[in-house]
Structure formats: C-alpha cells, structure tokens
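Good morning. Please have a look at the chain on the screen, and then I will go through it.

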Amino acid sequence: MAYQLVHELPGTMAGMSHGDLDLRKAFTFADQVGHLCPEDARKVEETVLPGADSKTPRSIRDRARREVIKIDPAAAETRRKKLVSERRGE
C-alpha cells in the first residue's frame, strides 16, 4: 500500500502531506483503485479527492467505487461476479 501511495497515487500522497487526508481515508481510497492502471487511478483521484477532507472514509469509498465503475465497467462486472461466486463457495 505504501508503494502504491508513493509511486502511483501522487494526489493521495499530497493530500496526506497537506493534512487533507488521514491514513484511513488514504488507505480506503487506495484499496478501491488498487486494481486500476496508474493512469486510471489518477483520473479517479482527480474526481474523488477534492473536498475529501470533509468526507467520511465510507463516502470516499462509495464515490471511488462509482468512479471506478465509470472508468472500467467490464472489469467492475467481472469483479462483482467473482465476489458472488466466492460467497457461494464455487
């Protein structure tokens, strides 16, 4: 996660450095975009992180999740199906 923050999510790291994001919010965001390529993750950063200092970790997670689906809907559907099959023990 630290590598991801430093090398792939410069906006998130900057938000932490400036005190706009605490560690929990940064990790919550990074977890949602971890499977994206760095370019797509930065697009989500640009949309989700402005104003994140006044948001809860849950609202950051939910907004990031929606933005990830917009960027890569096919991958989101694949992840959803995988999670459903894992819950069913398939």
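Predicted model: local features only at pLDDT ≥ 70, side-chain atom pairs only at ≥ 80, totals over all residues.

The mean pLDDT over the chain is 90, and 99% of the residues reach at least 70.

Next, the core. The largest nonpolar core has 16 residues. Those touching the most other members are Leu 9, Phe 29, Val 33, Leu 36, Val 44, Val 48 and Ile 60. Helices H3, at 23-33, and H4, at 38-48, each supply at least two residues of this core, as does H5. The biggest contribution is from H3, with 4 residues.

Take Val 48 as an example. What does Val 48 contact, leaving aside neighbours within four places in sequence? The list is Phe 29, Ile 60, Arg 63, Ala 64 and Glu 67.

Last, the helix pair. Two packed helices are described by the angle and the distance between their axes. For H5, residues 57-71, and H6, residues 73-88, the axes come within 5 Å and cross at roughly 120 degrees. H5 and H6 are therefore oblique to each other. On the H5 side, the contact is made by Val 68, Ile 69, Lys 70 and Ile 71; on the H6 side, by Pro 73, Ala 76 and Arg 79. Sorted by class, that contact of H5 with H6 has 5 nonpolar residues, 2 charged and no polar ones.

That is the end of my part.

Definitions and conventions
Residues numbered from 1 in each chain as written. Heavy atoms only, no water. Axes fitted to C-alpha atoms, helices over the stretch in contact; angles between N-to-C directions. Parallel < 35°, antiparallel > 145°, perpendicular 65-115°, else oblique. Contact = heavy atoms within 4.5 Å. Nonpolar A, V, L, I, M, F, W, Y, C, P; charged D, E, K, R; others polar. Core = buried A, V, L, I, M, F, W, Y, C linked by side-chain atoms within 4.5 Å. Buried < 20%, exposed > 50% of the residue type's maximum accessible area, 1.4 Å probe, protein only. pLDDT = per-residue confidence, 0-100.
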